[in-house]
Amino acid sequence: MNLADMLNFADISQLTAIAGRYQCDCKRNSKHDLIQSILITLGSRQFMESHIRECAPEDLRFLNTLLFDERSQFSLEDLLAAARQASFDTIPGKSGGYREMVARFKNSGWLFSGASQQSRYLFRVPQDLKTRFRERMGDYLREQIPPGGEPAIYRSEGEMLAGDLLLFLRYIQDNEPELNQEGALHKRYQQGVMNAIQIPEPLLGKGGWRFGYGRACEHYPPRLALIVDYARHRRWTTEAGYRLKLTLAGETLLEEGKSEKLIQLYSFWLKLYKGAIPNLPSLVYWISVSAGKWVAVTSLVESLGWLVKPFYYDDAASILEQRIIRMMLHLGMLRLGETPEGPVVMMTPWGLEAAVPKQLQ
């Protein structure tokens, strides 16, 4: 439903509150006048542009969460959880708490409760406001991120991740490598895998903290960890008697020689990292909006860092650079180049297509 439909179903008290919030010039006892005045105010391009520029970061993060949520309606508990998640860098209760944030958005015309008995305690965001917020937010970010220099050469991994998944399974089939007591491949076998695949990575050194990005991230570098977790998820590998072996399903896959589609690996990556980066789909989308042409990685980090909640010892910059941009390169979504000013990235056609969530299509 769009804003006009929701205003028609709203009660006079909410309409009066919205009109008061924006100082609309209208008769406060006329529902028709209230609706028309609110539509004119909220429908202007200037409204959305000023809203984005003047909003506090936690308010924009709250709207961002609602925009990228697959659900079309929210309970009060859902909204309070979104408000809490969006307020990670503010003092709890500083602005009257999370309920005050939800009430403020209701009185600003962003949230409306349902009109029926079944939906009266559920809230929706007008579809046209969502669309306009997304468009203006994209414009705002592009203004903040200037074009980067064109690199002389660049790296693009294309579909190599899908190819390396098959090469990993082939290595497991041929070697049935040993596992240590923690259930990970011994280092010599990890090096064997790296020698067998197209994009090797340095093995992990001792020390450091590693958790939150899948089961395998504790033992393997990020790209290989994704491959190991995906193979386990699809039940192509099994841990039997301190050895890693192929299952019948894994052997069948190798016999058929079919590569996985990158979209399946991408969807799995989103689920695998969502515990550490709950708003990962939105960050991928905003990167895609900002990097249609070559842009500096430092510019992306500076412009999008406020959307990222630090995860233990990972700050916003390391999450964007190592956990998101680097993995988007591995998934074939980004090209990475080097200029005298530093690294630059640009989305691939496949990356631009995949980055748009279903609810925004």
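Predicted model: local features only at pLDDT ≥ 70, side-chain atom pairs only at ≥ 80, totals over all residues.
Helix α5 covers residues 57-68 and helix α8 covers residues 127-144. Their axes come within 11 Å and cross at roughly 120°. Angles from 65 to 115 degrees would count as roughly perpendicular and those over 145 as roughly antiparallel, and α5 and α8 are therefore oblique to each other. The crossing in which α5 passes α8 is left-handed. On the α5 side, the contact is made by Leu 60, Leu 63, Asn 64, Leu 66 and Leu 67; on the α8 side, Lys 130, Phe 133 and Arg 134 take part.

Next, follow the chain to helix α9, which runs over residues 160-175 and has 16 residues. From its first C-alpha to its last, α9 reaches 22 Å, close to the 22 Å expected at 1.5 Å a residue. The buried residues of α9 are Leu 161, Ala 162, Gly 163, Asp 164, Leu 165, Leu 166, Phe 168, Leu 169, Tyr 171 and Ile 172. After α9 comes Glu 176, and the phi of Glu 176 is positive, near 40°.

Finally, look for Ser 119, in the loop between β2 (112-113) and β3 (122-124). Leaving aside residues up to four places away in sequence, Ser 119 touches Ser 113 and Gly 114.

Terms used:
Residues numbered from 1 in each chain as written. Heavy atoms only, no water. Axes fitted to C-alpha atoms, helices over the stretch in contact; angles between N-to-C directions. Helix = DSSP H or I, 4+ residues; strand = E, 2+ residues; numbered from the N terminus. Parallel < 35°, antiparallel > 145°, perpendicular 65-115°, else oblique. Left-handed = near helix turned anticlockwise from the far one by under 90°. Contact = heavy atoms within 4.5 Å. Expected span 1.5 Å × (residues − 1). Buried < 20%, exposed > 50% of the residue type's maximum accessible area, 1.4 Å probe, protein only.
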